[in-house]
Amino acid sequence: MQSISAVLWPPLLGAVSIAALGGYLPKRWVGVWASLLILVSFALGVGEVGHLASLAPAARAWSETLFPFVTGFGPAVPWQLFLDPLSGVWLLVITGVGFLIHVYSIGYMGEDPGEARYFAFLNFFIFAMLLLVLAGNLVVLLIGWALVGLASYFLIGFWYERPSAVAAAKKAFVMNTLGDVGILLGLVLLYLRYHTVSYPGLFAAFSHAPVGSPFFEWTAFLLYVGAMAKSAQFPLHMWLADAMEGPTPVSALIHAATMVTAGVYLMVRIYPLLHLAPAIQGLIGDIGAFTAIFAASIAFFQQDIKKVLAYSTLSQLGYMFLGVGVGALAAGVFHFLTHAFFKALLFLAAGSVIHALGGEQDLGRMGGLGSKLPWTMAAFLVGCLAIAGIPPFSGYFSKEAILGQAFNQGHWVLWGVGVLTAGMTAFYMFRAFFLTFTGPVRDAHLHAHAHEAPGVMTVPVVLLAVLAILGGALAEPLDRWLGPTFAAWPGASSAGLQEGPLFTTVLTVGLAVVGAVVAWRLYGVRHLEAKAGIDRAPGRWMLAAWGMDTAWSWAVVEPLKATGEYLRAVVEPAVLGAVGRLGQGVLGWAEDLRPLESGYVRRYGLSILVGVGALLAYYLIRV
Amino acid sequence: MVWALLLVPLGMSGVIWLLPRGAAKAGALVGSLATLAVWVAVLAAGGLPSLDWPWIGDWGIDFHLGVDGLSLFLLGLTAVLTAAAILASPARRGRAYFFWILFLEFASIGLFLALNLFVFYIFWEAVLVPIFFLLTTEPGPRGRAAALKWLIMNLVGSLFMLVGIVAAAVYHAEATGTYSFEIGVLAHTTWPVGAVGWMMAAFLIAFAIKAPLWPLHGWMPEAYGEAPAPVTALLAGVLSKAGVYGLLRVFLPLFGPALGPIRTLLLTWAVVDLVYGALMALRQRDVKMVAAYASMSHLGMIALGIFSLTQAGVLGATFQMVAHGVMMGGLFVILGWLEETLGTRDLSQLGGYNRHLPRLSAYFLFFALAVLGLPGLPGFVGEYLILQGLVTNAVGYAVVAVIVLVVAAWYMLRLFQGAMQGPPKPPPTGSDLRSWQLAFALPLALLVLLLGVWPASITSRAAPTLYQAVGLVAGRGGVH
């Protein structure tokens, strides 16, 4: 039987080998080598999940301890891995979608002088992300958690000579550190009480614990802070929009399909704890729903095609958290799965557009590209239909699963917000679609030079399009796959997929169609400009993301900087000055003692004599 | 074995003078590597060697040295960092420079080995001298001023400690009839109620100056700024540990039972240092000062672990001393090379050199990430253990500490990005890292990585005798 850790090594090998030797490898081979390793990892992952599937449903959990991490203050915390159906889903998506995006990157980054660096980072990301989802305890999870943040930092700031990219990378890292320390504090509290941070150990302890004690509310909240930062939940969401500074395949892989869903993974993973903290579970659902509609509103009038997609990711992550908040775990995971397909598809299609236009991302300079990029247009359309929740595309099934269950559980407000957001989603996605592919050519020069991407980029896009169309069919198998895991957890009785009443489906799809039609009327028929609506409230506010950046800056960043500046300019000189005055005092005594150092050798001789005499006397007396 | 640890660096420091000027660096390197080899032998032997020679028996002064869980890895840190500092020093530095570096290694090792307060005091004073002369390596008045400040402030601290030491021996004699300077003996002495307060203060002042901890860090900015980079690396890497080591070796054993009432005060002091250092680091314009105040902030974190009076906290502090030593040592040397290559350490004039100095940049980022506590690297482990200790009985301080970790990410990235990234600058006159520089950076980076991935290599070996040494065993102080 192979070990769980096997999947980790190919991407790590790739990262190290490319970092060390990348400059010496012939161009192109770097990307091929990196992609091959991810393919190997995917194959190993399929083998491991297959092994899991061959076990009895109740026995599908596989632990592996590598070696002790830290010891000496209580029970040891080991390097420990854990594979169960839940982490299996992530394992396959990370390596599978990851592989497609690697292949796409061979074409997308082929001309970039930093290609080797890019693939080293990308492989490193896959390694870190696998470590995160395969971790067997919270310490190992946190290490993976921080390392994906580091990979994200590297890749957001990939073009490190661009000040906006550098600033975005720093913002992403620091905001995610806030999440990291939340998890850190949560896990030390759990260790303090239970002397373990491994999932099986904690779950065993949780099974007898009382619901709703402050300890659980606090620890759940701290872990949720980590999830909030990583999955860009309000108010820790701004870094994700800025993260679009990275190359577009990175946005597809890290900032849409995989890394930003780590928060969803963590919340589902520790659901036995969440169940003990009903207030926090409620908060997760509320903030999820709010993030969904809030981000959707910001996406309305964005001018940059990637920003539209970034805010749509925020919004869809909100749906996933909404699902977790109402206990619809399988639905949340299902939406992660379909989202990984259609959002990766949307980003890669957008990447093909950007590639075709030589790096242009401004919707105001696109238009009429459908004739030049027919495949890309078709792919983007599939993505739009999927994310808008139009049946029978995959997004429809997973979104319905979440909203239906919210309705069934009686969460009317969350349900209503989710339904409304579905309509908004259709509007802003189709706005981007019509502005890009239809209507008048807004920049003749760009349009003239546009060309369809090479096969190495098109094939992954087509494969993802197929998955985005058919992904809905995975509902039933996924539910069966995850069911036994959830069934073993107390409080997860309604975790499986459920159908909502017919009218919620009709309403949601109806609103989505209305949204799409409005977008079509405005941008497909009347050919409004991308800038339409942004010169007055509320459009101006929506474009400016409701001023959250400014709010953070005023409330946190500037006060800290000002305090530091005050310490540096005022307090520190005073402290050092006080020490200096003490020094002056010492010099004053020294002045008094100066006569002793007369410079006369005979006096020194005398003092030496006295000293030696005293020592001799001591020894003589002693004997 | 213990003798060899002391005598190899001392002997080689003498040999330096017999070598031709050009061979001084090679000689010093051999000396430091030989010391390292002795330390590795101690580690591999698995025992905890010690020696105890009667010296001035009537006063309870023994020449008592020993290795235990507290000192074992600090000795290793001293050996590694001395070798690294010599590697990182240009060969053009004269014999005196390398002599003083080896002498510093001898004195530091003596300090970490001492188990008798009298011996401890002698080595405590002995480390002042080499640093004083090393600070004046570069000619000019600024180095001399920094050296004088270092000497005077530390001498004042030492005087306080001397009073504390003598008082301890005298009160012990009053209580038992015999004098003793043995730490292990004094740990069981009950101090007079009227004296314990000022005795503690005397030791605290000495240790806080050496570390340094706020507000007794007056010597730090100039000394760190003026010293050649490898010497700054030794100052921040090894010497700063002397102060916090004193807290563990002397302060906790002697005063542990009396600390209950003032624990909150001590924790608050540590947290003030932690926050102050971090906020200062956030706004510095000189790259070396960013690292200097970052180091000061980290010492506050270590002090928090110590004053948590828990096993996890003390273990974390001990681990963090070693981790901080290698990370900060590496960072200061890299910053020194940066200054050499670019001719400035002013952040407002730096930026955009990544493209010209990719290797320097990569190592710079690596050490910066280690310092900011990236999980997977050793800074994280120390912080994790210290927090594990703090949440036992001081959750509020743990909350402040984790917020400072966020600030740490901010100031370190501001430093790295400000120096290396952004719009490109014309190529510098200096070159990227050469192979002799890589011979320093790569092994040290690998060591950092090893400590980050496998901290149990230290903690499993250090823990049992560490708790013994600081008097944190079941039944005395908190256990966790």
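Q: What makes B:Pro130, B:Ile131, B:Leu134 and B:Leu135 a group within helix α6 of chain B?
A: In this predicted model, these four are the buried residues of α6(B), a helix that covers residues 128-135. To be called buried, a residue needs 20 or more other C-beta atoms within 10 Å of its own.

Q: What covers the buried residues of α6(B)?
A: The cover includes α4 (95-113), α7, α10 and α11 of chain B.

Q: Why is A:Ala232 called buried?
A: The cut-off is 20 or more other C-beta atoms within 10 Å. A:Ala232 has 28 C-beta neighbours inside that distance, so this residue counts as buried. A:Ala232 sits in the loop between α8 (214-230) and α9 (238-242) of chain A.

Q: What makes the phi angle of A:Ala232 worth a look?
A: Phi of A:Ala232 is near 55°, a positive value in a residue other than glycine. A:His527 also has a positive phi, near 55°, and is not a glycine either. As a general rule, most residues other than glycine have a negative phi, and most peptide bonds are trans.

Q: Which residues does the cis peptide bond with omega of about -5° join?
A: That bond joins B:Ala211 and B:Pro212. B:Pro212 lies in the loop between α9 (193-210) and α10 of chain B. The peptide bond from B:Trp214 to B:Pro215 is cis too, with omega near 0°, and B:Pro215 lies in the loop between α9 and α10 of chain B.

Q: What makes chain B a chain of two domains here?
A: The domain assignment does: it gives domain 1 as 1-257 and domain 2 as 259-472. Their centres, taken over C-alpha atoms, are 22 Å apart. The contact between them takes 41 residues from domain 1 of chain B and 43 from domain 2 of chain B.

Q: Which helices supply at least two residues each to the side of domain 1 of chain B that touches domain 2 of chain B?
A: They are α3 (72-88), α10 (220-226) and α11 (229-255) of chain B. The largest share, 16 residues, comes from α11(B). By residue type, that side of domain 1 divides into 32 nonpolar, 7 polar and 2 charged.

Q: What makes B:Leu304 stand out in the largest nonpolar core?
A: Of the 448 residues in this core, A:Ala344, A:Leu345 and B:Leu304 touch the most other members. The core draws at least three residues from each of domain 1 and domain 2 of chain B. Leaving aside residues up to four places away in sequence, B:Leu304 touches B:Leu267, B:Ala270, B:Val271, B:Leu274, B:Ile386, B:Leu390, B:Tyr397 and B:Ala401.

Q: How many helices and strands does chain A have?
A: Chain A comes to 25 helices and 2 strands. Its C-alpha trace spans about 110 × 60 × 50 Å along the principal axes. Of the 623 residues in chain A, 56% are buried.

Q: Where in chain B does pLDDT stay under 50?
A: It stays under 50 over residues 475-480 of chain B, for which the model has 19 contacts beyond four places in sequence. The mean pLDDT of chain B is 91, with 99% of its residues at 70 or more. For the complex, the predictor gives an ipTM of 0.94 and a pTM of 0.93.

Key: Residues are numbered from 1 along each chain as its sequence is written. Chains are lettered from A and ligands numbered from 1 in the order in which they are written. This is a predicted model: local features need pLDDT of at least 70, side-chain atom pairs count only at pLDDT 80 or more; totals for chains, interfaces and linings use all residues. Domain bounds come from an automatic or database domain assignment. Two residues are in contact if their C-beta atoms, placed from the backbone, lie within 7 Å. Ala, Val, Leu, Ile, Met, Phe, Trp, Tyr, Cys and Pro count as nonpolar, Asp, Glu, Lys and Arg as charged, and the others, Gly among them, as polar. A residue is buried if 20 or more other C-beta atoms lie within 10 Å of its own, exposed if 12 or fewer, and partly exposed in between; C-beta atoms are placed from the backbone. pLDDT is the predictor's confidence in each residue, from 0 to 100. A nonpolar core is a set of buried Ala, Val, Leu, Ile, Met, Phe, Trp, Tyr and Cys residues joined through C-beta atoms within 7 Å.
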